[in-house]
Amino acid sequence: MTTSPSPLTHFDAQGQAHMVDVGAKPATHRVAIATGRIEMQPATLVLVESGTAKKGDVLGVARIAGIMAAKKTSELIPLCHPLALTRVAVEFELLPSDSAVQCTATVETVGPTGVEMEALTAVQVALLTVYDMCKAADKRMVMTGVRVLEKHGGKSDPNAVQS
């Protein structure tokens, strides 16, 4: 039986999962920005904004959780490479008109592979932390719109500086 190569990079020609070999790829400065939001009841957003949630500073704890998650991505996602991250920034914006909190994570490294998974993991875990810290007040929160906004570096970026 002949098999054709998969268009998915984490599968070999036989369809078996494997970690992609990035050893021959040049190290470049790579950046990924991801975002997502958590929607909640207006009263819950007031608790987040005022810092009076029972568990404390919701956004401060969620920021640290997002940073920690980016650093642990390769331990959570089986085929991700462990990366030496040079920067992780997790930011929040309160959206009163939508009764939501928007999270944006920016992750950087200099290496042979991108950091999209680290940025996505940071956002998702930060939002999960908001949920955890506020669930006593609001069990109907919804996380939505988690996605990569930007990616720079590597061969798909014509402006990437190769080292």
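Mentor: Start with how elements are named: helices (H or I, at least four residues) and strands (E, at least two) are DSSP runs, numbered from the N terminus. In this predicted model, Ile77 is found in the loop between α3 and β2.

Trainee: How many helices and strands does the chain have, and in which order do they run?

Mentor: The chain contains four helices and four strands. Read from the N terminus, the order is β-α-α-α-β-β-α-β.

Trainee: Is Ile77 buried, partly exposed or exposed?

Mentor: The cut-offs are under 20% relative accessible area for buried and over 50% for exposed, with partly exposed in between. Ile77 has 30% relative accessibility, so it counts as partly exposed. With Leu76 and Met117, Ile77 forms a nonpolar surface patch, and the accessible area of the three together is about 240 Å². Buried residues account for 38% of the 163 residues.

Trainee: Which residues does UniProt list for "binding site", and where do they sit relative to each other?

Mentor: The unreviewed UniProt entry lists Leu79, Cys80, His81, Met117 and Glu118. These span 40 residues in sequence, but no two of their C-alpha atoms are more than 12.5 Å apart, so they gather at one spot. Cys80 lies in the loop between α3 (73-76) and β2 (85-95), and His81 is in that loop between α3 and β2 too. Cys80 counts as buried because its relative accessibility is 13%; His81, at 17%, also counts as buried.

Trainee: How does the length of α4 check out against its number of residues?

Mentor: Take 1.5 Å times one less than the number of residues. The 19 residues of α4 should therefore span 27 Å, and the end C-alpha atoms are 27 Å apart, which agrees. Buried positions in α4 include Glu118, Ala122, Ala126, Val130 and Cys134.

Trainee: What does the record say about Asp132, and where is that residue?

Mentor: The "active site" annotation of the unreviewed UniProt entry covers Asp132. Such annotations may be inferred rather than shown by experiment. Asp132 belongs to helix α4 (residues 116-134). Its relative accessible area is 31%, so Asp132 is partly exposed.

Trainee: Which residue forms a salt bridge with Asp132?

Mentor: The test is a side-chain nitrogen of Lys or Arg within 4 Å of a carboxyl oxygen of Asp or Glu. Lys135 and Asp132 meet it, at 2.4 Å from N to O. In another part of the list, salt bridges with shared partners join Arg37, Glu39 and Asp98 into one network. The Glu39 and Arg37 side chains meet at 3.4 Å, N to O. The structure holds six salt bridges.

Trainee: Which parts of the chain does the bridge between Arg87 and Glu108 link?

Mentor: The side chains of Arg87 and Glu108 meet in a salt bridge of 3.0 Å, N to O. This pair links distant parts of the chain, with Arg87 in strand β2 and Glu108 in strand β3 (residues 100-111), 21 residues apart. Arg87 is partly exposed at 38%, whereas Glu108 is buried at 16%.

Trainee: What is Thr44 in contact with, apart from its neighbours within four places in sequence?

Mentor: Contact requires heavy atoms within 4.5 Å. On that basis Thr44 is in contact with Cys134, Ala137, Asp138 and Met141. Thr44 is placed in helix α1 (residues 42-50) and counts as buried at 1% relative accessibility. Across the chain, of the contacts between residues at least 6 apart in sequence, 72% join residues at least 24 apart.

Definitions and conventions: Residues numbered from 1 in each chain as written. Predicted model: local features only at pLDDT ≥ 70, side-chain atom pairs only at ≥ 80, totals over all residues. Heavy atoms only, no water. Buried < 20%, exposed > 50% of the residue type's maximum accessible area, 1.4 Å probe, protein only. Patch = residues over 30% accessible without salt bridge, like charges linked within 9 Å, V, L, I, M, F, W, Y side chains within 5 Å. Areas by Shrake-Rupley, 256 points an atom, 1.4 Å probe, with all protein chains shown as cover.
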